[in-house]
Amino acid sequence: MFDKLIERQISLAKSRGELEDIAGSGKPIPRRYGLRPVSTTEALSVRAMRSAKGGDIAEAIKDLQGKLATETDDDKRKELQKAISDLQLRQSVEKEARLGMMRG
């Protein structure tokens with residue numbers, strides 16, 4: 001579902017001419033996930049999404065915020081904060097895509 005929303009946003013941007021003269025234009029977007037996530041932040045985000053009820057991003061964010069509240073190690077706190085930011089960005093992209101689909 002997320003891939004379809006992204007493709008829709010890309011198509012809309014192309015139709016408006018917003019993607020002209022971009023480096024890598026015309027080449028496929030490389031997949032970031034292979035057999036395993038490529039960073040700790042992505043691993044936390046993916047794990048939170050999988051454990052959230054129904055894959056709900058808001059639930060995953062809430063879960064990570066709960067872990068952040070109890071974490072004392074600074075490095076782990078930074079990774080949790082990055083994962084929360086990553087999920088919040090995904091949530092915003094999905095919301096914008098839904099609004100774009102409703103508009104056009």
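View 1. Asp63 is partly exposed, at a relative accessible area of 32%; here buried means under 20% relative accessible area, exposed over 50%, and partly exposed in between, with a 1.4 Å probe and protein chains only. The model is predicted, so that local features need pLDDT of at least 70 and side-chain atom pairs count only at pLDDT 80 or more, whereas totals for chains, interfaces and linings use all residues. Residues are numbered from 1 along each chain as its sequence is written, and side-chain values use heavy atoms, with hydrogens and water left out. Asp63 forms a salt bridge with Lys67, whose closest N and O atoms are 3.6 Å apart; the term denotes a side-chain nitrogen of Lys or Arg within 4 Å of a carboxyl oxygen of Asp or Glu. The two residues are four apart in helix H3, and therefore separated by about one helical turn. Lys67 is also partly exposed, with a relative accessible area of 41%.

**View 2. Two salt bridges in helix H4.** The search of the whole structure finds three salt bridges. One of them joins Lys82 to Glu79, with 3.8 Å between the closest N and O atoms. Lys82 and Glu79 are three residues apart in helix H4, about one helical turn. Lys82 is partly exposed at 46% relative accessible area, and Glu79 is partly exposed at 21%. Asp86 forms a salt bridge with Arg90, the closest N and O atoms being 3.3 Å apart. Asp86 and Arg90 lie four residues apart in helix H4, about one turn of the helix. Asp86 is buried, with a relative accessible area of 18%, and Arg90 is buried at 19%.

**View 3. The largest nonpolar core.** A nonpolar core is a set of buried Ala, Val, Leu, Ile, Met, Phe, Trp, Tyr and Cys residues joined through side-chain atoms within 4.5 Å. The largest such core has 13 residues, of which Ala60, Leu64 and Leu87 touch the most other members. Helices H2, H3 and H4 (74-103) each give two or more residues to this core. Five residues, the largest share, come from H3. Apart from its neighbours within four places in sequence, Ala60 is in contact (heavy atoms within 4.5 Å) with Ala48, Met49, Ala52 and Leu87.

**View 4. The surroundings of Glu94.** Glu94 lies in helix H4. Glu94 is buried, with a relative accessible area of 15%. Not counting residues up to four places away in sequence, Glu94 touches Phe2, Leu5 and Ile57.

View 5. Helices (H or I, at least four residues) and strands (E, at least two) are DSSP runs, numbered from the N terminus. Helix H1 comprises 14 residues (2-15) and reaches 20 Å from its first C-alpha to its last, close to the 20 Å expected at 1.5 Å a residue; the expected span is 1.5 Å times one less than the number of residues. Just after H1, Gly17 takes a positive phi of about 75°.

**View 6. Confidence along the chain.** The pLDDT is the predictor's confidence in each residue, from 0 to 100. The protein chain averages a pLDDT of 80, and 82% of the residues score at least 70. Where pLDDT is low, the predicted coordinates should not be read in detail.
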